[in-house]
Amino acid sequence: LQAGGEALAPCCQTCKPGLAKFYSVPNPDEANPECGECCLQPSLYSFWKLFEPKLLPGDCASQGFTKYNGTETDGVWPLSVTNDRYVRAAASQQKTHCPRELQAIYADMHDGDKKRVIISGASMTIKPVDGTQTWVVNAEFDSQSCSAVVDFNVPGKPNPPPVKLVATLWNSMSTEATKTELEFTDPSGTLAAQGFPLNRWVDVTQAAHQHEPSASCPTNLQVVYADMHDGDKKEVTISGVSVTVKPSGNNQTWVVKSELDATSCSASIDFKVPGKPSPPPVTLTATFWNTMSASTLAPEEKTEFEFTDPSGTLAPAGYPLNHWVEISRPASG
């Protein structure tokens with residue numbers, strides 16, 4: 001599925017009966033790699049893999065490639081394949097830059113409160129939004145890594161982490177909106193492995209920065225996520241429009257099943273199932289997001305799920321209650 005061939009209309013947004021989606025990222029190390037997505041007979045997978053060794057079952061959206069970039073036919077009949085091309089949506093819309101100035105209010109997924117963050121040149125300031133607290137954290141902001149080393153051990157700050165954390169700015173995109181987030185990790189490895197997401201703060205200043213829909217929704221996904229609120233791990237599997245959620249890394253056996261709305265790339269999740277400890281009292285909406293670090297050194301991209309309460313019982317509808325952040329997926333072989 002490498003570049004070449006003539007431009008065509010989109011071919012593979014849905015597959016005909018008997019065919020399934022397959023994708024390939026021939027040159028993943030390029031600055032702006034491209035993903036090809038096609039419909040093939042599953043029984044011929046091994047045959048086509050001889051011509052494209054990086055061909056895998058699934059779709060480009062599950063790998064973060066959500067911006068349609070054209071359709072091409074590779075090869076010569078009868079050994080030809082027509083495939084849709086995708087690039088990473090965040091990259092295509094130049095969302096990877098690190099801002100010199102930023103003022104926003106963030107919902108803290110772990111603590112359940114709000115924080116005000118100000119970035120001005122090489123400085124970052126963090127304050128509580130709660131008027132009863134007056135602590136202030138000042139840190140030096142590195143525009144290349146788009147991050148700061150944050151020491152929350154300041155006068156008046158309740159329950160600060162025992163170590164300094166790295167706060168990195170990320171740009172996130174769903175099928176309907178974009179926003180910024182801050183991800184916190186422990187570079188010392190004391191609280192978790194280096195790079196493991198301990199917490200996410202989600203921009204609620206403009207809770208939905210609307211844009212023209214440009215991200216597509218995965219139809220094949222199996223990923224383990226870190227639950228920012230609960231502090232454990234969950235596994236999410238998407239197959240077509242079927243969504244399955246299970247615990248990961250513990251001895252729990254509960255299972256939640258739901259159906260995916262491909263337009264909003266979201267599902268209604270009722271956690272009140274046998275064996276699930278402390279489920280939310282209402283059904284939540286889980287929305288799929290692609291998220292990319294704003295670092296100019298080594299940008300990362302992964303997926304996440306945002307949970308909101310459409311009933312408005314736990315928080316206003318659309319307000320982020322929790323985020324699950326991708327930490328691993330099965331080896332792609």
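## Salt bridges

Across the whole structure, a search finds 17 salt bridges, each being a side-chain nitrogen of Lys or Arg within 4 Å of a carboxyl oxygen of Asp or Glu. The model is a predicted one, in which local features need pLDDT of at least 70 and side-chain atom pairs count only at pLDDT 80 or more, while totals for chains, interfaces and linings use all residues. Residues are numbered from 1 along each chain as its sequence is written, and side-chain values use heavy atoms, with hydrogens and water left out.

One of these salt bridges pairs Lys302 with Glu183, with the closest N and O atoms 3.2 Å apart. This pair links distant parts of the chain, since Lys302 lies in strand β22 (residues 301-308) and Glu183 in strand β13 (residues 177-185), 119 residues apart; strands (E, at least two residues) and helices (H or I, at least four) are DSSP runs, numbered from the N terminus. Both Lys302 and Glu183 are buried, where buried means under 20% relative accessible area, exposed over 50%, and partly exposed in between (1.4 Å probe, protein chains only).

## A second bridge and a network

Glu304 forms a salt bridge with Arg200, with 3.7 Å between the closest N and O atoms. Glu304 lies in strand β22 and Arg200 in strand β14 (residues 199-203), so this pair ties together parts that are 104 residues apart in sequence. Glu304 is buried at a relative accessible area of 0%, and Arg200 also counts as buried, at 0%.

Lys234 and Asp230 meet through their side chains in a further salt bridge (3.5 Å, N to O). Salt bridges that share partners join Glu181, Glu183, Arg200, Lys302 and Glu304 into one network.

## Disulfides

The count comes to five disulfides, a disulfide being a pair of cysteine sulfur atoms within 2.5 Å. Among them is the link of Cys15 and Cys39, whose sulfur atoms are 2.1 Å apart and which is left-handed, with -80° about the S-S bond. Cys15 is partly exposed at 24% relative accessibility, whereas Cys39 is buried at 18%.

Another disulfide joins Cys98 and Cys146; the torsion about its S-S bond is about 85°, so this disulfide is right-handed. Cys217 is joined to Cys265 (S to S 2.1 Å), and both of these cysteines are buried.

Cys38 is in no disulfide, and the nearest cysteine sulfur, that of Cys12, is 6.2 Å away. Cys38 is buried, with a relative accessible area of 0%.
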